[in-house]
Amino acid sequence: MVSAVKVKFNRNFYTDPSFYIYFIVTFFWILDIPDASDVYEKSICIVFTVIGIFATIKILFKK
């Protein structure tokens, strides 16, 4: 038997200051990816970009 997963959208995400912090920091990490000089720096930028995206999505879809 398959159960449906209910995901609730947080309609008040704009009142959470963490959302804006994660969004801005993620934006700057994305901008730094082309400026990375080697694979190590590029991988750090990509990892922190992914973390920021997941943190932002977590705020948008709080339970």
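Me: What share of the residues in the chain is buried?

Reply: Buried residues account for 19% of the 63 residues in the chain. A residue is called buried under 20% relative accessible area, exposed over 50% and partly exposed in between, with a 1.4 Å probe and protein chains only. This is a predicted model, in which local features need pLDDT of at least 70 and side-chain atom pairs count only at pLDDT 80 or more, while totals for chains, interfaces and linings use all residues. Residues are numbered from 1 along each chain as its sequence is written, and side-chain values use heavy atoms, with hydrogens and water left out.

Me: How many helices and strands does the secondary structure of the chain have?

Reply: Helices (H or I, at least four residues) and strands (E, at least two) are DSSP runs, numbered from the N terminus. In this chain there are 2 helices and 0 strands. The radius of gyration is 15 Å, well over the 11 Å that the globule rule gives for 63 residues, so the chain is more spread out than a compact globule. That radius is taken over C-alpha atoms, and the rule is 2.2 Å times the number of residues to the power 0.38. Along its principal axes, the C-alpha trace spans about 50 × 35 × 10 Å.

Me: Which residues does Thr 49 touch, not counting residues up to four places away in sequence?

Reply: A contact means heavy atoms within 4.5 Å. Thr 49 belongs to helix H2 (residues 39-60). Beyond the residues up to four places away in sequence, Thr 49 touches Thr 26, Trp 29, Ile 30 and Ile 33. Thr 49 counts as buried because its relative accessibility is 8%.

Me: Is Ile 59 buried or exposed?

Reply: Ile 59, also found in helix H2, is buried, with a relative accessible area of 6%. Leaving aside neighbours within four places in sequence, Ile 59 has contacts that include Phe 13, Phe 19 and Tyr 22. Tyr 22 lies in helix H1 and is partly exposed at 38% relative accessibility. The C-alpha atoms of Ile 59 and Tyr 22 are separated by 9.6 Å, although these residues are 37 residues apart along the chain. Tyr 22 and Ile 53 are 7.7 Å apart, C-alpha to C-alpha, and 31 residues apart in sequence.

Me: How many aromatic pairs does the count come to?

Reply: A pair of aromatic rings is described by the distance of the centres and the angle of the planes. Rings of Phe, Tyr and Trp (its six-membered ring) pair if their centres lie within 6.5 Å; planes under 30 degrees apart count as stacked, over 60 as edge-to-face and the rest as tilted. By this rule there are 8 aromatic pairs. One of them joins Phe 9 and Phe 61 edge-to-face, at 5.6 Å centre to centre and 70° between the planes. Phe 9 lies in the segment before helix H1 (17-32) and Phe 61 in the segment after H2, so the pair ties together parts that are 52 residues apart in sequence. Phe 9 is partly exposed, at 39% relative accessibility, and Phe 61 is partly exposed with a relative accessible area of 39%.

Me: Which residues form one aromatic cluster?

Reply: The cluster consists of Phe 9, Phe 13, Tyr 14, Phe 19, Tyr 20, Phe 23 and Phe 61.
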